[in-house]
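This briefing covers the salt bridges of one structure. The sequence and model come next.

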Amino acid sequence: MTVKKIAVIDLTGVIRNRRRELGLTQKSLGQLLGIDQRTVSSLEKNPGSISVNRLFAVFNALQVQTFVSSDPKDEFLIQRLMVDAQFRRNRLL
């Protein structure tokens with residue numbers, strides 16, 4: 001698991017790149033979400049138009065864990081998630 005901070009503007013690349021990493025086509029992702037390929041294409045081009053519920057459904061289908069915060073103090077939690085992921089990857093936990 002890699003923890004990355006992303007801005008809303010970066011969602012286009014995140015959705016498209018993760019879909020490709022998983023070997024999914026727009027059509028197959030659409031089937032997972034119960035939407036058509038054109039809607040997936042639209043979401044990839046303009047994720048600003050996506051509802052929060054749909055965005056989390058997309059992330060779930062793409063196996064992307066999310067942590068949303070506007071509090072700069074949450075940087076500590078993000079760092080902790082990264083350390084926890086490193087332990088799991090190395091089978092130390």
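Arginine 18 is partly exposed, at 21% relative accessibility (buried means under 20% relative accessible area, exposed over 50%, partly exposed in between; 1.4 Å probe, protein chains only). The model is predicted: local features need pLDDT of at least 70, side-chain atom pairs count only at pLDDT 80 or more, and totals for chains, interfaces and linings use all residues. Residues are numbered from 1 along each chain as its sequence is written, and side-chain values use heavy atoms, with hydrogens and water left out.

**Within helix H1**
- Arginine 18 forms a salt bridge with glutamate 21 at 3.0 Å, N to O (a side-chain nitrogen of Lys or Arg within 4 Å of a carboxyl oxygen of Asp or Glu).
- The two residues sit three apart in helix H1, so about one helical turn separates them (helices are DSSP runs of H or I, at least four residues, numbered from the N terminus).
- Glutamate 21 is exposed, at 57% relative accessibility.

**Between helices H1 and H3**
- Arginine 19 and glutamate 44 pair in a salt bridge of 2.5 Å, N to O.
- Arginine 19 belongs to helix H1 and glutamate 44 to helix H3, so this contact ties together parts 25 residues apart in sequence.
- Salt bridges with shared partners join Arg16, Arg19 and Glu44 into one network.
- Glutamate 44 also bridges to arginine 16, with the closest N and O atoms 3.7 Å apart.
- That pair links helix H3 (residues 37-45) to helix H1 (residues 11-21), so it ties together parts 28 residues apart in sequence.

**Burial in the network**
- Glutamate 44 is buried, at 2% relative accessible area.
- Arginine 19 is buried at 7%.
- Arginine 16 is partly exposed at 24%.

**Total**
- The whole structure holds three salt bridges.
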